[in-house]
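Subject: Structure for your review

Dear colleague,

My notes on it follow directly after.

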There are 2 protein chains.
Amino acid sequence: MIVRKADQVPAAAVEQDGAKGVQMRMLIGPEQGATHFHMRRFDVAPGGHTPHHHHEWEHEVYVLAGQGVAVCPDGEKPLAAGDCVFVPPAREHQFRNTGDQTLTFLCLVPRMD
Amino acid sequence: MIVRKADQVPAAAVEQDGAKGVQMRMLIGPEQGATHFHMRRFDVAPGGHTPHHHHEWEHEVYVLAGQGVAVCPDGEKPLAAGDCVFVPPAREHQFRNTGDQTLTFLCLVPRMD
């Protein structure tokens, strides 16, 4: 069993096109032996956002802190701590920080190799 | 895209043998269209615990609030908010609330049907 503090996991800037002010930590991934799905934590700075995109895999998201919106084809949905989000495969989406604190959320994805 | 507040998702008592004072919410599961893995939230009352058991699927856990321990074959590991836990398949484990507040954590599992 592996127990570690999320804050102590190294963070890397997300350099993907369309990302602004986003850092990612791989909390539970291939190095921990996860074979079905991976847990990542994202920290989005005030004014920042993830890419507005779509892909073939789903997201399961849990908002830990901050204020933001989930942008989807039918508009924007507000996000706050304690909200969970399911983004189905192939659905356009983006997460934007609309507050003055860091927007922090978990985002889990199926294994992709 | 589905956004919902975890606190508003109905909770059910966990009646499994060895569970004490545990409630579970299925935040993202089959009803939301999740096909690879499911996000559940557990609330363990002070003095409560999940079953001490093992099974063929892994757990990916993120502690949201409270104080507790993860019981594993090599002893007990303390748990607090912001800790993430990977329980590999077939590993004995139990989560115990050792504090005086509710121990709340996400626990994700692969789809099991």
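In this predicted model, 34 residues of chain B are in contact with 34 residues of chain A. The side of chain B that touches chain A draws at least two residues from each of the following strands: β1 (2-5), β3 (20-28), β4 (37-49), β5 (59-65), β6 (67-72), β7 (75-80), β8 (83-87) and β10 (103-110). Of these, β8(B) gives the most, with five residues. Sorted by class, the side of chain B that touches chain A has 21 nonpolar, eight charged and five polar residues.

Strand pairing also crosses between the chains. Strand β1 (residues 2-5) of chain A pairs with β8(B) in the antiparallel sense, over four bridges. Within this pairing, R4(A) has C84(B) in β8(B) as its bridge partner.

How are the two copies related? Chain B is superposed on chain A by a rotation of 180 degrees with 0.0 Å of shift along its axis, and the RMSD is 0.0 Å. The two copies are therefore related as by a two-fold rotation axis. Both copies use the same surface, since 100% of the contact residues of chain B recur in chain A.

Turning to the strands inside chain A, β2 (residues 12-13) and β3 (residues 20-28) pair in the antiparallel sense over two bridges. One residue of this pairing is A12(A), whose bridge partner in β3(A) is M24(A). The hairpin of β2(A) and β3(A) has six residues between the strands, and G18(A) takes a positive phi near 95 degrees there. On to the next strand, β3(A) and β4(A) run antiparallel and are joined by seven bridges. R25(A) stands opposite R41(A) in β4(A).

Is W57(A) buried, exposed or partly exposed? There are 15 other C-beta atoms within 10 Å; a residue counts as buried at 20 or more and as exposed at 12 or fewer, so W57(A) is partly exposed. Leaving aside its neighbours within four places in sequence, W57(A) is in contact with P89(A), V109(A), P110(A) and M112(A). By contrast, K5(A) lies 52 residues from W57(A) along the chain, and their C-alpha atoms are separated by 27 Å.

With kind regards

Definitions and conventions
Residues are numbered from 1 along each chain as its sequence is written. Chains are lettered from A and ligands numbered from 1 in the order in which they are written. This is a predicted model: local features need pLDDT of at least 70, side-chain atom pairs count only at pLDDT 80 or more; totals for chains, interfaces and linings use all residues. Two residues are in contact if their C-beta atoms, placed from the backbone, lie within 7 Å. Two strands pair if DSSP finds at least two bridges between them. Ala, Val, Leu, Ile, Met, Phe, Trp, Tyr, Cys and Pro count as nonpolar, Asp, Glu, Lys and Arg as charged, and the others, Gly among them, as polar. Copies are superposed by least squares on the C-alpha atoms of residues with pLDDT of at least 70 in both.
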